[in-house]
Amino acid sequence: MIRRQPVSATADHAEERTNPAARLGFQPGQVVQEIGYDDDVDQELREAIEGVIESDLVDEDYDDVADAVVLWFRDDDGDLTDALVDATTYIEEGGAILLLTPKTGRSGYVEPSDISEAATTAGLTASKSVSVGKDWSGSRLATPKAAKSKR
């Protein structure tokens, strides 16, 4: 028996597999705040995110609530738990934080166990880690859904 898969007439599904920003769940029209920008960030990933959301990333001085946060974090940037707690203040309940850390062997590498512990302490739920560039790994962290607080 042969099972046939539906085929899309557009390249949307292919883009989701190849574009890391689409794979990470960014959507058109979202406001995405970027924290921890420095010279070492992955410019291609930044441009891919901006392409998907169809606007520029907003910086740390943005004074409204964002739909998601991109947090570039290196081991020597301070306390990861504090950075994650601070990042949650910038986003809507149920929003996501994309935590980007240097890959194994790169300067500023953060242990996966440290990420997991910091996320749990900050009240975030971690999903799988993904490679998002030559030098960076990403962890998508979700804030608690608003529905949980509405009883």
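**Figure 1. Overall order of the elements.** From the N terminus on, the elements of the chain run α-α-β-α-β-α-β-α-β-β-α. The secondary structure comes to 6 helices and 5 strands, where helices (H or I, at least four residues) and strands (E, at least two) are DSSP runs numbered from the N terminus. The model is predicted: local features need pLDDT of at least 70, side-chain atom pairs count only at pLDDT 80 or more, and totals for chains, interfaces and linings use all residues. Residues are numbered from 1 along each chain as its sequence is written, and side-chain values use heavy atoms, with hydrogens and water left out. Of the 151 residues in the chain, 40% are buried; buried means under 20% relative accessible area, exposed over 50%, and partly exposed in between (1.4 Å probe, protein chains only).

**Figure 2. The aromatic pair of Trp 72 and Trp 136.** The structure holds 1 aromatic pair. Trp 72 and Trp 136 form this pair, which is edge-to-face, with 4.8 Å centre to centre and 80° between the planes. The pair links distant parts of the chain, since Trp 72 lies in strand 2 (residues 66-72) and Trp 136 in strand 5 (residues 136-142), 64 residues apart. Rings of Phe, Tyr and Trp (its six-membered ring) pair if their centres lie within 6.5 Å; planes under 30 degrees apart count as stacked, over 60 as edge-to-face and the rest as tilted. Both Trp 72 and Trp 136 are buried.

**Figure 3. A patch of negative charge on the surface**. Asp 59, Glu 60, Asp 61, Asp 63, Asp 64, Asp 67, Glu 92 and Glu 93 gather in this patch. Patches are made of residues with over 30% relative accessible area and no salt bridge, like charges being joined within 9 Å and nonpolar side chains (Val, Leu, Ile, Met, Phe, Trp, Tyr) within 5 Å. A salt bridge is a side-chain nitrogen of Lys or Arg within 4 Å of a carboxyl oxygen of Asp or Glu. Glu 93 belongs to strand 3 (residues 91-102) and is exposed, with a relative accessible area of 54%.

**Figure 4. Glu 54 in a loop**. Glu 54 is placed in the loop between helix 3 (43-53) and strand 2. Its phi is near 65°, a positive value in a residue other than glycine. Glu 54 has a relative accessible area of 61% and is therefore exposed.

**Figure 5. Ser 129 in strand 4**. Strand 4 (residues 125-131) contains Ser 129, which counts as exposed at 53% relative accessibility. Ser 129 and Leu 100 are 9.5 Å apart in space, C-alpha to C-alpha, and 29 residues apart in sequence.

Technical notes: Areas by Shrake-Rupley, 256 points an atom, 1.4 Å probe, with all protein chains shown as cover. Lys, Arg positive; Asp, Glu negative; His and termini not counted. Charge placed at Lys NZ, Arg CZ, Asp CG, Glu CD.
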